[in-house]
Amino acid sequence: MVLARYINPINQVVEELTKIKDGNLHIDASYIPTPNEETYNLVNALSILSVTISAYISEISTILDEFSEGNFKTVPKQNYIGDFQPIQESLVSISTTLKQLISNSQVATTDVTNAEAKISQSAEELAQLTVEQSDLISSFKSETIEVTQSVINIIEGMDKSHEIAQEMADTAVEGKAVGADLVNAMNTIDTSTREVISVIKSIEDIASQTNLLALNAAIEAARSGEAGKGFAIVASEIRELSIKTASIVAEIYDKIHANLAYLDKGGIMVGLTADTLDNIITKSTINLDTSKQVLHSAAEQKDSLHQMINRTEYLEAELSKNAHISTNNLDISHDLMTQSEILKEQLGIFSV
């Protein structure tokens, strides 16, 4: 009986310790008898252990619950001793670190929100500016194409002018060649006419001689009387023919001399025409060279204008891309601002 009196309390203490080992910290050791001081001290230590561990676990649980609710101000109030002290230090460190982290995050979120507002404003201004630039480039492109087309039409007109100048130069050269042929023909006519004059001179001489012979024959026929009567008639006819021939020859002379005068005058006119054609050829050559230079310069200008149009179209395309990117940036900026506001609201629930 005596042995059971002292052994049973110890067994009951072991049972309660087993409960603590199994995770049941809320134990009641008041029912355990304490027949002596040693048993009393053992039961009292068990009660203190249960109360202390329960208090520690309860406070740790409370603090963790507060942490889970976003309240990081809560820190351990009890005096943790022994191996429990590092737990207290860890909880305080966690609380301090989380408060600092949340505080920094809130400040950073505010800064991000402010920055996002500025970025959003800049994005809006950039998008607006890009759209205005795009519209300006489109307007510039339209005006450039219109002006360029007018210049190209003028350049094409220069091509036609160059062709006309070339045709004028060719015509002048051809006219000079025709004039030279005309001079040659007139010289040939002059030579032939002078040869005709020589022949007519011979005919005139023959007619004079024939007239003289006919006159002599008529005189001889008159001397012969009746025998020479028939011959006198023939001589008279021959003389009459020679007189008519002389008259016709004189008329031909007059016409030939008139033709020669006209030929001389025509030669002078042809010479003046040739000089004029020479001037025309010279001026046409100068005009043609100038036209070639202008045409060459105009062709270069035409290429430059086409390049300007191409570059303007490229610039317009790039600005359109920039406008699209600016619009996307604006949308992204708005999304970031919305996310920043949401994050700020979420961080606002934490108590630091």
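Ring pairs join Tyr56, Tyr80 and Phe84 into a cluster. Rings of Phe, Tyr and Trp (its six-membered ring) count as a pair if their centres lie within 6.5 Å; planes under 30 degrees apart are stacked, over 60 edge-to-face, and the rest tilted.

The model is predicted: local features need pLDDT of at least 70, side-chain atom pairs count only at pLDDT 80 or more, and totals for chains, interfaces and linings use all residues. Numbering runs from 1 along each chain as its sequence is written, and side-chain values use heavy atoms, with hydrogens and water left out.

## Overall make-up

The protein has four helices and zero strands. Along the sequence the pattern reads α-α-α-α. Helices (H or I, at least four residues) and strands (E, at least two) are DSSP runs, numbered from the N terminus.

Of the 352 residues, 24% count as buried. Buried means under 20% relative accessible area, exposed means over 50%, and partly exposed lies in between (1.4 Å probe, protein chains only). The accessible surface of the protein comes to about 23300 Å². Carbon and sulfur atoms hold 60% of that surface. Areas come from the Shrake-Rupley method with a 1.4 Å probe; for residues, only the protein chains shown count as cover.

Contact means heavy atoms within 4.5 Å. Among contacts with a separation of 6 or more, 77% are between residues 24 or more positions apart.

## The aromatic cluster

The count comes to two aromatic pairs. The ring centres of tyrosine 56 and tyrosine 80 are 4.3 Å apart and the planes stand at 10°, so this pair is stacked. Tyrosine 56 sits in helix α2 (residues 37-68), and tyrosine 80 in the loop between α2 and α3 (85-224). The two are 24 residues apart, and their pair links distant parts of the chain. Both tyrosine 56 and tyrosine 80 are buried.

Tyrosine 56 also pairs with phenylalanine 84. Here the centres are 4.7 Å apart and the planes stand at 50°, so the pair is tilted. Phenylalanine 84 lies in the loop between α2 and α3 and tyrosine 56 in helix α2, so the pair ties together parts that are 28 residues apart in sequence. Tyrosine 56 has a relative accessible area of 3%. Phenylalanine 84, at 28%, counts as partly exposed.

## Nonpolar cores

A nonpolar core is a set of buried Ala, Val, Leu, Ile, Met, Phe, Trp, Tyr and Cys residues joined through side-chain atoms within 4.5 Å. The largest core has nine residues: Val13, Ile20, Leu25, Ile27, Ala29, Ile32, Val43, Leu46 and Ile53. Helices α1 and α2 are the elements that give two or more residues to this core. Helix α2 gives the most, with three residues.

Alanine 29 is in contact with Val43, Leu46 and Ser47, leaving aside its neighbours within four places in sequence. Another core, of eight residues, lies apart from the largest one; Tyr56, Ile63, Phe72 and Leu91 are among its members.

Serine 50 is found in helix α2. Its relative accessibility is 5%, so serine 50 counts as buried. With neighbours within four places left aside, serine 50 is in contact with Leu25, His26 and Ile27.

## Surface patch and salt bridges

Ile7, Ile10, Val14 and Leu42 form a nonpolar patch on the surface, with about 300 Å² of accessible area together. Patches are made of residues with over 30% relative accessible area and no salt bridge; like charges are joined within 9 Å, and nonpolar side chains (Val, Leu, Ile, Met, Phe, Trp, Tyr) within 5 Å. Helix α1 (residues 2-21) supplies the largest share of the patch, three residues. Isoleucine 7 lies in helix α1 and is partly exposed at 35% relative accessibility.

A salt bridge is a side-chain nitrogen of Lys or Arg within 4 Å of a carboxyl oxygen of Asp or Glu. The count comes to two salt bridges.

| Salt bridge | N to O distance |
|---|---|
| Glutamate 16 and lysine 19 | 3.3 Å |
| Aspartate 22 and lysine 21 | 3.6 Å |

Glutamate 16 and lysine 19 are three residues apart in helix α1, so about one helical turn separates them. Glutamate 16 is buried at 2% relative accessibility, whereas lysine 19 is partly exposed at 38%. Aspartate 22 and lysine 21 are both exposed.

Isoleucine 119 is found in helix α3. Its relative accessible area is 44%, so isoleucine 119 is partly exposed.
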